[in-house]
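Visitor: Could you walk me through how the helices and strands are arranged here, and on what grounds each term is used?

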Amino acid sequence: MPGRPAPARRGATRARAALPAFALYGEAGGPAAPLLHIESIDSRSRLYDWEIDAHTHQGLHQVLWVAQGRVEAMLDESRVHAAAPLLLAIPPGVAHAFRFMPGTQGHVLTVNAALLAEGDAAVGEALTTLFAAPRGLALDADAPEVARLQALFATLHAELRADDAGATAGQVPIWLARALLWRAAELARREVAQAQRRGAAAQPELYTRWVVLMEAHFKDHWPVTRYAERLGLSTERLNRLVRAETGLNAQALLHQRLAREATRRLVHVAAPVSRLAFELGFEDPAYFCRFFKRQTGLSPRDYRARAEQQRAADAHAV
């Protein structure tokens, strides 16, 4: 069982020396490969007075299913306040925190996507759709998808508990997890239908490999040519691939990812701007400040000050 930390002040997310990264919340150690884990919401959240403080999962995808109750969720800089039934999709590296209504019921699925997508382009496409951005998908209580999702979560939970499979899940849990995420991706497609690209020439499995490589090395400031070489592509083809999925070229997406990580750390990590710049791979803090302002329109200090004002306002409202 994880140890119980000091509770956060209600209504606020605390800044700290470093934003914690867990495989499973409160437990030491990096992500396992492969990892397929599911647990009930109450089994862990009850230990923390139904509040899960801000943290990330590096290299792991997470889906939270709220079947009964209510949750207030922080997903990077966005907020979700919703009652069940609700599905939250959290891509790797996204800072997230939860406050559940006591007694909330549901499940939390944590998975290394490579375990599910390997050799299956259709599953890769579903994962790309579902985890394109952190999202909350609210459902009508009487929608047929609710019963299907609840059955899949419950069956997967029972299967893993019965097999005591842990991080070495067999084929049946993998198939169930694929079916579950496929159903969730169908819901996500409905929300983003108007933004779907024309045609069916996508290469989701290759795009997923690019995203995994970007997540591993964006702080190393690799040039686009190096990513292309690692993927066995020309730079031109990599840019076409990324643009088809996002509307941006590879370099622009790398800059966007770096800026998103910078905003996350400015909000959640109590450290000087110069130290954050070095941690993000910038040798010159002044250049980091210019880069950040080009991406966001604000200096790092102004962005942090605005976030602190918003945090104080949120706490006062509670």
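This is a predicted model: local features need pLDDT of at least 70, side-chain atom pairs count only at pLDDT 80 or more; totals for chains, interfaces and linings use all residues.

Visitor: Why is H3 called oblique to H6?

Guide: The axes of H3 (residues 121–130) and H6 (residues 204–217) cross at roughly 55° and come within 8 Å. Angles under 35 degrees count as roughly parallel, over 145 as roughly antiparallel, 65 to 115 as roughly perpendicular and the rest as oblique, so H3 is oblique to H6.

Visitor: What makes the meeting of H3 with H6 a contact, and which residues take part?

Guide: Contact means heavy atoms within 4.5 Å. Ala121, Gly124, Glu125 and Thr128 of H3 meet Pro204, Glu205, Tyr207 and Thr208 of H6.

Visitor: Why do E1 and E9 count as edges of the sheet?

Guide: The open sheet has five strands in the order E1-E8-E3-E6-E9, paired antiparallel; two strands pair if DSSP finds at least two bridges between them. E1 (36–40) and E9 (135–138) each have a single partner strand, so one side of each lacks a neighbour in the sheet.

Visitor: How do you know that E3 and E6 pair?

Guide: Five bridges join E3 (residues 61–68) and E6 (residues 86–90) in the antiparallel sense. Within this pair, Trp65 has Leu87 in E6 as its bridge partner.

Terms used. Residues are numbered from 1 along each chain as its sequence is written. Side-chain values use heavy atoms; hydrogens and water are left out. Axes are lines fitted to C-alpha atoms, for helices over the stretch in contact, and angles run from 0 to 180 degrees between N-to-C directions. Helices (H or I, at least four residues) and strands (E, at least two) are DSSP runs, numbered from the N terminus.
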